[in-house]
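Please look at the sequence and the structure first.

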Amino acid sequence: MPLDMPESVLVRFKGKRNPGITLRDAVNAIPYWAIKQGLLTVPKKNKVNIFNGRILEMEGLPDLSVEQAFELTDAAAERSAAAGCIRLSEESVCAYLRSNVALMEQMIKDGYEDAQTLRNRIDAVNAWLKEPNLLKADANAEYAAVIEIDLAQITEPILACPNDPDDVKLLSEVQGTPIQDVFIGSCMTNIGHFRAAAEIWRGEKFNPAVRTWVCPPTRMDQDKLKEEAVFSVFSAKGARIEIPGCSLCMGNQARVPAKVNVFSTSTRNFDDRMGDGAQVYLGSAELAAVVANLGKLPAPAEYLALYQERVAPKEGQIYQYLQFDEMEGYKA
């Protein structure tokens, strides 16, 4: 890029999310809005990409937990950005660091190597917590572009379509597409997504037309979900439960059959990554669970009705994250 061009693109979120609209829809709204503003094109020939090689800065969602914020920053690579950052509240960052101190203390007790390195990190975090101070952009900062996304204008899920994370469309544009494989996992997910999927699946019959893959991102998530008996719902649904990690997202631990249609919560959907000739749609775990029930991409009204019925009444319980300093077994 020219030396005199700003090195960051600012995405400013505003407004309130509508019921059933998830952070994954906010992720996919970034390329959707950029395309509308002429800042991004899908075809590879003469491609325009305002994010390429720049820092993707995000603001307007200060009260997200750090676990939630990862869903937005993880997707910076799919924009071809050099890095991504998001402005969170001091309270959110402090809560996350207190949790991590408790986790690292437990790791020392469990005999993890190197205990001194962990102790050094704990001391550094505790020192920062005594006088917390977060970096933030200057008020007069200049950007290569500013993209304002009004979350209230998103009234249905937004999906990345085969096989390009920039090729985003509204659910209504692709509804009815048959799906053979559904994957819920990768670093784009957190424990709340698996609880939400379980609520959508609870009481539903096994659908033999769909292979459903479930892969919690960490062992701690897996252990907590087992403790909450969520795994029994996965088993009743006939889900294939993968070892915590990347699984289908990387395409080297497991792969789908050739030329199937896939709905995935993973980070990217490049050709042949998940399976030879697989056609991969990317979206939220909540939508993935509905797709697994139906064996197709639903109409927006079908999805929103199930979300309102099964997830919305329990949002406070579903979207709780692992706060280790408040959990038995980790408290000092």
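## The largest pocket

The lining of the largest pocket is made up of ten nonpolar, six polar and twelve charged residues. Here Ala, Val, Leu, Ile, Met, Phe, Trp, Tyr, Cys and Pro count as nonpolar, Asp, Glu, Lys and Arg as charged, and the others, Gly among them, as polar. The model is predicted: local features need pLDDT of at least 70 and side-chain atom pairs count only at pLDDT 80 or more, while totals for chains, interfaces and linings use all residues. Residues are numbered from 1 along each chain as its sequence is written, and side-chain values use heavy atoms, with hydrogens and water left out.

The largest pocket holds about 600 Å³ of space. A pocket is found on a 1 Å grid over the protein atoms alone, as an open set of points with protein on both sides within 12 Å along at least five of seven lines; a cavity is a set of points where a 1.4 Å probe fits but cannot get out, and lining residues have an atom within 4 Å of a point. Grid points are joined across faces, edges and corners, and a volume is the space filled by probe spheres set on the points. In total, 28 residues line the largest pocket, and Arg195, Gln317, Tyr319, Gln320 and Tyr321 lie nearest its centre. At least two lining residues come from each of α2, α3 (90-109), α6 (191-201), α7 (219-227) and α11 (315-318). Helices (H or I, at least four residues) and strands (E, at least two) are DSSP runs, numbered from the N terminus. With four residues, α3 gives the most to this lining.

## The largest cavity

How many cavities of 30 Å³ or more does the structure hold? There is one. The volume of the largest cavity is about 60 Å³.

Its lining consists of Arg24, Val27, Asn28, Ala75, Glu78, Arg79, Ala160, Pro165, Met188, Thr267 and Leu282. By class, six of these residues are nonpolar, two polar and three charged. Helix α1 gives the most to the lining, with three residues.

## Helices α1 and α2

Two packed helices are described by the angle between their axes and the distance between the axes. The axes of α1 (residues 23-36) and α2 (residues 66-73) come within 9 Å and cross at roughly 30°. Axes are lines fitted to C-alpha atoms, for helices over the stretch in contact, and angles run from 0 to 180 degrees between N-to-C directions. The two helices are therefore roughly parallel to each other; angles under 35 degrees count as roughly parallel, over 145 as roughly antiparallel, 65 to 115 as roughly perpendicular and the rest as oblique.

The crossing of α1 and α2 is right-handed. A crossing is right-handed if the near helix is turned clockwise from the far one by less than a right angle, and left-handed if anticlockwise. Leu23, Arg24, Ala26 and Val27 of α1 meet Gln68, Glu71 and Leu72 of α2, where contact means heavy atoms within 4.5 Å. Four residues of this contact are nonpolar, one is polar and two are charged.

## Helices α3 and α4

The axes of α3 and α4 lie 10 Å apart, at an angle of about 155°. That makes α3 roughly antiparallel to α4. Their crossing is left-handed.

On the α3 side, the contact includes Val93, Cys94, Leu97 and Arg98; on the α4 side, Ala115, Leu118, Arg119 and Arg121 are among the residues involved. The contact has 13 nonpolar, one polar and four charged residues.

## Helices α6 and α7

Helices α6 and α7 pack at about 35°, with their axes 10 Å apart, and α6 passes α7 in a right-handed crossing. Ile191, Phe194 and Arg195 of α6 touch Asp221, Lys224 and Leu225 of α7. These residues divide into three nonpolar, no polar and three charged.

## Backbone exceptions

Most residues other than glycine have a negative phi, and most peptide bonds are trans. Glutamate 113 and aspartate 114 are joined by a cis peptide bond, with omega about -15°. Aspartate 114 is in the loop between α3 and α4 (115-130).

The bond from proline 162 to asparagine 163 is also cis, with omega near -25°. Asparagine 163 lies in the loop between β5 (158-160) and β6 (168-170). Asparagine 46 is not a glycine but has a positive phi of about 55°, and its place is the loop between α1 and β2 (55-59).
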